[in-house]
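Please open the structure in your viewer and keep the selection tool at hand. We will walk through it one stop at a time.

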Amino acid sequence: FHLTPPCGLMNDPNGLAYYKGKYHIFYQWYPFEPSHGMKHWGHFTSKDLVSFEPSEDILIPTNEYEKNGCYSGNSIQIGEKLFLYYTANYKTPEGKVPKQALAFMSPEGKIEKYKNNPIIDEKPEGLTGEIRDPFVFFRDGKYYMLLGGGTIEGQGRILLYESPDGLNWSYDGTISLDGLELGYMFECPGLVRVGDKDVIFLSLMGMEPDGDRYQNEFTSIYLIGQLDLEKRSFTVESYDELDKGFDFYAPQPFYDEKKEPVFYAWFGC
């Protein structure tokens with residue numbers, strides 16, 4: 001089953017969640033024409049992942065801190081609300097200024113942006129301004145955020161932030177991937193737990209082809225292993241492409257009604 005928008009352009013899946021008896025499928029959306037423009041978050045709901053209903057409760061870029069669009073991110077339920085994390089796209093003549101923002105969806109489905117946005121407004125030393133696609137999860141009594149980025153020298157990196165409440169965030173550093181260098185930029189990081197293994201999703205920019213692998217301009221991979229948050233390291237047991245086709249990118253994992261990990265990806269690079 002492929003979801004398509006009512007008009008305009010669709011790309012990355014965002015904010016995926018099973019919340020209050022429904023699946024919520026948000027997506028990057030430029031409603032005005034089929035091209036990349038000022039991004040919104042469109043929104044479908046479903047009770048069974050077979051039949052879908054469009055929702056009028058969407059994210060619209062209306063504030064100065066998101067003046068170039070509401071870019072990708074994920075969601076997590078905290079208390080009774082669904083927290084929607086996203087990159088607030090902010091461009092200047094000198095380049096992008098990385099900003100991360102937050103909105104809340106109520107049990108009734110209404111969306112309201114956090115009054116203290118942006119929740120992260122910084123570029124850590126040694127990294128470029130291309131920092132985006134927050135993925136927030138809860139583990140060991142804390143909330144953690146993964147962000148995609150890259151170094152000034154041209155190596156992809158996962159940034160790690162932590163928070164006691166999902167609102168106030170502090171930077172911990174970047175996560176080591178057992179010495180793997182996988183392109184010049186990471187996008188759309190994601191994390192799920194499968195049995196006793198951690199699985200990280202990454203979308204790579206600048207990965208060189210290797211035989212029949214990594215033939216896409218941009219490619220998406222999974223890495224299986226163990227994430228040590230204190231040491232900021234991921235022990236890689238194995239990794240591979242999620243799909244070798246040419247129209248698969250930006251997969252985002254989440255947990256379904258039965259707490260099983262599933263994911264959506266963008267069809268159409």
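A term before we set off: two strands count as paired if DSSP finds at least two bridges between them. Keep in mind, too, that this is a predicted model.

**Stop 1: a hairpin.** Select strand S13 (residues 156-163) and strand S14 (residues 170-174), which pair in the antiparallel sense over 4 bridges. Within this pairing, look for glutamate 162, which stands opposite serine 170 in S14. S13 and S14 form a hairpin, with 6 residues between them. In the turn, pick out glycine 166, where phi is positive at about 85 degrees.

**Stop 2: an open sheet.** Now show S15, S16, S17 and S18: these 4 strands form an open sheet in that order, with antiparallel pairing. At its edges are strand S15 (185-194) and strand S18 (233-241), each pairing on one side only. From one strand to the next, the twist averages 25 degrees. Zoom in on strand S17 (residues 218-228), which pairs with S18 in the antiparallel sense over 8 bridges. If you select glycine 225, which residue in S18 is the bridge partner? The partner is valine 236.

Stop 3: Phenylalanine 201 lies in strand S16 (residues 197-205) and phenylalanine 263 in strand S20 (residues 261-266), so the pair ties together parts that are 62 residues apart in sequence. Phenylalanine 201 is buried, with a relative accessible area of 5%, whereas phenylalanine 263 is partly exposed at 37%.

Next, select phenylalanine 218 and tyrosine 249, with ring centres 5.9 Å apart and planes at 45 degrees, so the pair is tilted. Here S17 holds phenylalanine 218 and strand S19 (residues 249-255) holds tyrosine 249, so parts 31 residues apart in sequence are tied together. Phenylalanine 218 counts as partly exposed at 24% relative accessibility, while tyrosine 249 is buried at 4%.

While you are in S19, select alanine 250. Its phi is near 55 degrees, a positive value in a residue other than glycine. Alanine 250 is buried, with a relative accessible area of 1%.

**Stop 4: a ring cluster and two lysines.** Select Phe83, Tyr85, Phe104, Tyr114 and Trp169 together: ring pairs link them into a cluster. For another lysine over a ring, go to lysine 67, which lies over the face of tyrosine 90 at 4.8 Å from the ring centre.

Stop 5: In the loop between strand S3 (40-46) and S4, find leucine 49. Leucine 49 has a positive phi of about 60 degrees although it is not a glycine, and it counts as partly exposed at 25% relative accessibility.

Move on to aspartate 57, in the loop between strand S4 (53-54) and strand S5 (75-78). Is aspartate 57 buried or exposed? At 19% relative accessibility it counts as buried, because the cut-off for buried is under 20%. Its contacts beyond four places away in sequence are Phe26, His43, Gly109, Lys110 and Ile111.

Finish at proline 118, in the loop between strand S10 (111-113) and strand S11 (132-139). The peptide bond from asparagine 117 to proline 118 is cis, with omega near -5 degrees.

Definitions and conventions
Residues are numbered from 1 along each chain as its sequence is written. This is a predicted model: local features need pLDDT of at least 70, side-chain atom pairs count only at pLDDT 80 or more; totals for chains, interfaces and linings use all residues. Side-chain values use heavy atoms; hydrogens and water are left out. Axes are lines fitted to C-alpha atoms, for helices over the stretch in contact, and angles run from 0 to 180 degrees between N-to-C directions. Buried means under 20% relative accessible area, exposed over 50%, partly exposed in between (1.4 Å probe, protein chains only). Contact means heavy atoms within 4.5 Å. Rings of Phe, Tyr and Trp (its six-membered ring) pair if their centres lie within 6.5 Å; planes under 30 degrees apart count as stacked, over 60 as edge-to-face and the rest as tilted. A charge sits over a ring if NZ of Lys or CZ of Arg is within 6 Å of the ring centre and within 35 degrees of the ring normal.
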